[in-house]
Amino acid sequence: MKLDSMLPQLGEWLRGTGPESDIVISTRIRLARNLADMPFTNRAAGIQKAEVESKLRETIAKLNWHSPLHYIGMQDLNALNRQFLVERQLISREMANVLEGPRGVAFDDTESVSLMVNEEDQLRMQVMRSGFALDQAWETIDRIDDMIEQKVQYAFHDQFGYLTACPTNVGTGMRASVMLHLPGLGLTKQIEKAFKAMQKINLVVRGLYGEGSRASGDFFQISNQMTLGKSEPEALNDIRSLIHDTLKYERFARSTLLRENKQALQDRVARALGTLQSATMMTSEETMELLSAVRLGVHMHLIEDLTAPLINELFLQTQPAHLQKIIGEALDGEARNAARARYLRQRLREISPQAN
Amino acid sequence: MSKESLSKFGVRPLAMKCQFCSNPATMHLTTIINRKKRETHVCDACAEERNILPGKSSEMPINALLQFVLGSNPGIEKESDETACPECGLKYAQFRSEGRLGCPHDYEVFKERLEPLLLKIHRSQNHVGKVPASLHSARQAQEMQNFRNQLLEAVTRENYEEAARLRDLIRSKEQLDETR
Ligand SMILES: [Zn+2]
Ligand SMILES: [Zn+2]
């Protein structure tokens, strides 16, 4: 398949729809699996890796999935195209950069399912959904796992469960992650409080937040850490209850802002939009920050004519590999910053903040 | 990897130093593991080298945790680190330095040393959750056979109350299987 044809399209997870999509960007669940009686990828000889790859590739090709799964060998992709797939979250950075030998990825047209072969584990399955959709994602990946398991024998241990190269994944092999946009908590400086609530459960929270007066702290990813001693539904429940609390905090923060600081908020959003519409150099960092403010503005009805899917599209298209594919040439950092600013100006030309 | 791609989902320049090389840090990660908050400040070069990447698919905090747990485990004597897995040849010492096991057998070969490690990471040593369907049915068959043996034994001991209980249990399980 031609990767370029994917360029204008948004994967399912970036659709900007789904439950709680004003705050929850996407839900992702991955399962790590290995074949019985085979060394793990990092210790397998070239011929063994080839054997694993051809076995899994054939199995994936024969899967009776409702939409076709396209398999691409990593050796057939140049660095730019591998980076392109990383930006679309279809492969890991490790897959793009680190591993040697036969390896590849299969994904469907909606980009909601991706199956990596010979990553750190021989099979890394991933299901992505936009919005807060843990159950849907689990159902889908559980089904794919069952279908593959009918064709191959997984490395499984009575006591330790599904065996993985890294003991942090052993057991269920499941990592569920939810990506959140929490500008309200950032602006009201309550992100610390939210972190404290998160600390009560054993979940991993990743992300960053700006310090001082620069309110950023927008994107956070919450994942389960433990894969032993809890069933998949139990682990998902832990995440679910934490997210529900976080959503409550964020909504409260947003309504407080709207009630008590509407003008300042409006100003902030309008300035962010204005900068995106007029700057001539734009780094990725700044783009992220400004789009984050604009995204908040859209969900708080402070901007007209702009939709969440368009913002998601801009997030995606302004990343280096996407940008270079759109422009159609390789660009160095500075040229990219100019091209990014030009692209943003074009896409946001007609948009205006709400004047009231 | 370019600076821009690193910045996806949250990288911002602050006047802090990279904790690995003391260049200006460009990434500031907050990780919460087992109720402990950790901040990591790194520059792009070190982030790339160490595969520390925010958001996305990076599993950095978990790998960092593993390194942390493995590194703070002085109770293990050197000698036993030399035992190698007969299947893949991995020695425990190698696992300690690399953080990756070599093959499924390693979980048996190094079982005694992995158990306390797993307890630290997961607070558990036992899998609870999905079981491959093939094993699932094998387990069920085994369980039914056990019940039948117990039933036979109860009958020989003329413990008819127990026998009746087991008979009903077996019947209900068989019916459950049929309806599936
Ligand atoms: Zn550094
Ligand atoms: Zn081994």
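Q: Are B:Cys85 and B:Asp106 buried or exposed?
A: In this predicted model, a residue counts as buried when its relative accessible area is under 20%. Both B:Cys85 and B:Asp106 are classed as buried.

Q: Which protein residues are the donors of the zinc ion (ligand 2)?
A: The donor atoms lie 1.9 to 2.3 Å from the zinc ion (ligand 2). In sequence, the donor residues follow the spacing C-x2-C-x14-C-x2-D. B:Cys85 sits in the loop between helix H3 (60-71) and helix H4 (92-98) of chain B, whereas B:Asp106 belongs to helix H5 (residues 106-109) of chain B, 21 residues apart. The donors are B:Cys85 (SG), B:Cys88 (SG), B:Cys103 (SG) and B:Asp106 (OD).

Q: What is the geometry of the site of the zinc ion (ligand 2)?
A: Four donors count as tetrahedral if all angles lie between 85 and 135 degrees. The angles among the four donor atoms of the zinc ion (ligand 2) are 94 to 115 degrees, and the site is tetrahedral.

Q: How are H9(A) and H10(A) oriented to each other?
A: Helix H9 (residues 284-299) and helix H10 (residues 308-317) of chain A pack with their axes 10 Å apart, at an angle of about 175 degrees. Angles over 145 degrees count as roughly antiparallel. The two helices, H9(A) and H10(A), are therefore roughly antiparallel.

Q: How do the residues of the contact of H9(A) with H10(A) divide into nonpolar, polar and charged?
A: H9(A) contributes residues including A:Met288, A:Leu291 and A:Arg295, while those of H10(A) include A:Ile311 and A:Phe315. The residues of this contact comprise eight nonpolar, three polar and one charged.

Notes
Residues numbered from 1 in each chain as written. Chains lettered and ligands numbered in written order. Predicted model: local features only at pLDDT ≥ 70, side-chain atom pairs only at ≥ 80, totals over all residues. Heavy atoms only, no water. Donors = N, O, S within 2.8 Å, 3.2 Å for Na, K, Ca; no water. Tetrahedral: all angles 85-135°; square planar, octahedral: opposite > 155°, others 65-115°. Helix = DSSP H or I, 4+ residues; strand = E, 2+ residues; numbered from the N terminus. Buried < 20%, exposed > 50% of the residue type's maximum accessible area, 1.4 Å probe, protein only. Axes fitted to C-alpha atoms, helices over the stretch in contact; angles between N-to-C directions. Parallel < 35°, antiparallel > 145°, perpendicular 65-115°, else oblique. Contact = heavy atoms within 4.5 Å. Nonpolar A, V, L, I, M, F, W, Y, C, P; charged D, E, K, R; others polar.
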